[in-house]
Amino acid sequence: MRTIIVDTYEDLSLVAARLVGDAIGEKPDLVLGLPTGRTPVGFYAALVQLYRQGRVDFSRVVTFNLDEYYPMDPRDPRSFHAFMQKHLLEHVNVPWDHVHIPDGRAPEPEQACAEYEHQLARAGGIDLLVLGIGHNGHIGFNEPGAPRQGRTGPVRLAHETIQANFGSVGPGVPRFALSMGIGTILESRKILLLASGQDKASITRRALLGPVTPDVPASFLQLHPSLTVILDRGAAAYWPAS
Ligand code: GLP
């Protein structure tokens, strides 16, 4: 594991965008796995900047998002489809048919997830996967207890995840998601994990320096041979001094 500790959230966003930009420079048809959440917002903004400066070209890049709520209409502003449009896709030149996001409207979610895995396999697998981490250690929507070998499929959201993402558990709030599994995630050739803020300091330490256990799904990342972690000062608050 390579750990990069930076001062601020802005630094984290910039360093992450540069790493991804460099990866696209080296392999213009990069298969890029992408997250949602508050953490990557600055990363996407920095990536859009690099694109506007002519330093990154997405014309051959293929993207696969980690997850989507279920059920969820892609036009719903709370959807991860809408998030990706707003923060990245409408600003850069990724061709529409290169973009993959699980379909929150799929009538047969298991089948849709199996097809997602096939699309990923046909694309040659993920070259570089960018990840955030949930407060309970989830990655994608692999909540505590998720199996190490898990593939893309429908998952039940933890109560705390619904609370964190929607403010409350109520009518019209999705209780499920379609998410890449931990097995799918670990097959990525490279993984870049971003964690920002002191509220992530304890789970980040537990996940990356504690025992590998399904209780903390992100701890499985320790098994990955090419993991880079970027922490800002807040998230690194409990990181041992080097
Ligand atoms: C979400 C996503 C994850 C994300 C996590 C943390 O719900 N499914 O991919 O990493 O929760 O989100 P945030 O960055 O907002 O803390």
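Me: With which residues is threonine 63 in contact, leaving aside its neighbours within four places in sequence?

Reply: This is a predicted model, in which local features need pLDDT of at least 70 and side-chain atom pairs count only at pLDDT 80 or more, while totals for chains, interfaces and linings use all residues. Residues are numbered from 1 along each chain as its sequence is written, and side-chain values use heavy atoms, with hydrogens and water left out. Threonine 63 is placed in strand β3, residues 62–65 (strands are DSSP E runs of at least two residues, helices H or I runs of at least four, numbered from the N terminus). Counting heavy atoms within 4.5 Å as contact, threonine 63 is in contact with Leu32, Leu34, Val94, His98, Val99 and His100.

Me: How far is the backbone nitrogen of histidine 138 from a polar atom of the side chain of asparagine 136?

Reply: Here the side chain of asparagine 136, a loop residue between β6 and β7, is set against the backbone of histidine 138. The separation between that side-chain polar atom and the backbone nitrogen is 3.1 Å.

Me: What separates the C-alpha atoms of arginine 233 and glycine 197?

Reply: Arginine 233 lies in the segment after β10 (227–232), and it counts as exposed because its relative accessibility is 54%. Leaving aside neighbours within four places in sequence, arginine 233 is in contact with Val6 and Asp7. Although arginine 233 and glycine 197 are 36 residues apart along the chain, their C-alpha atoms are separated by 7.3 Å.

Me: Which residues of α1 and α2 make the contact between these helices?

Reply: Helix α1 (residues 9–26) and helix α2 (residues 41–52) pack at about 50° with their axes 8 Å apart, so α1 is oblique to α2. The contact is made, on the α1 side, by Tyr9, Ser13, Leu14, Ala16, Ala17, Arg18, Val20 and Gly21 and, on the α2 side, by Val41, Gly42, Phe43, Ala46, Leu47 and Leu50.

Definitions and conventions. Buried means under 20% relative accessible area, exposed over 50%, partly exposed in between (1.4 Å probe, protein chains only). Axes are lines fitted to C-alpha atoms, for helices over the stretch in contact, and angles run from 0 to 180 degrees between N-to-C directions. Angles under 35 degrees count as roughly parallel, over 145 as roughly antiparallel, 65 to 115 as roughly perpendicular and the rest as oblique. A polar contact is a pair of N or O atoms within 3.5 Å; within protein, one must be able to donate a hydrogen and the other to accept it, and residues adjacent in sequence count only if both atoms are side-chain atoms.
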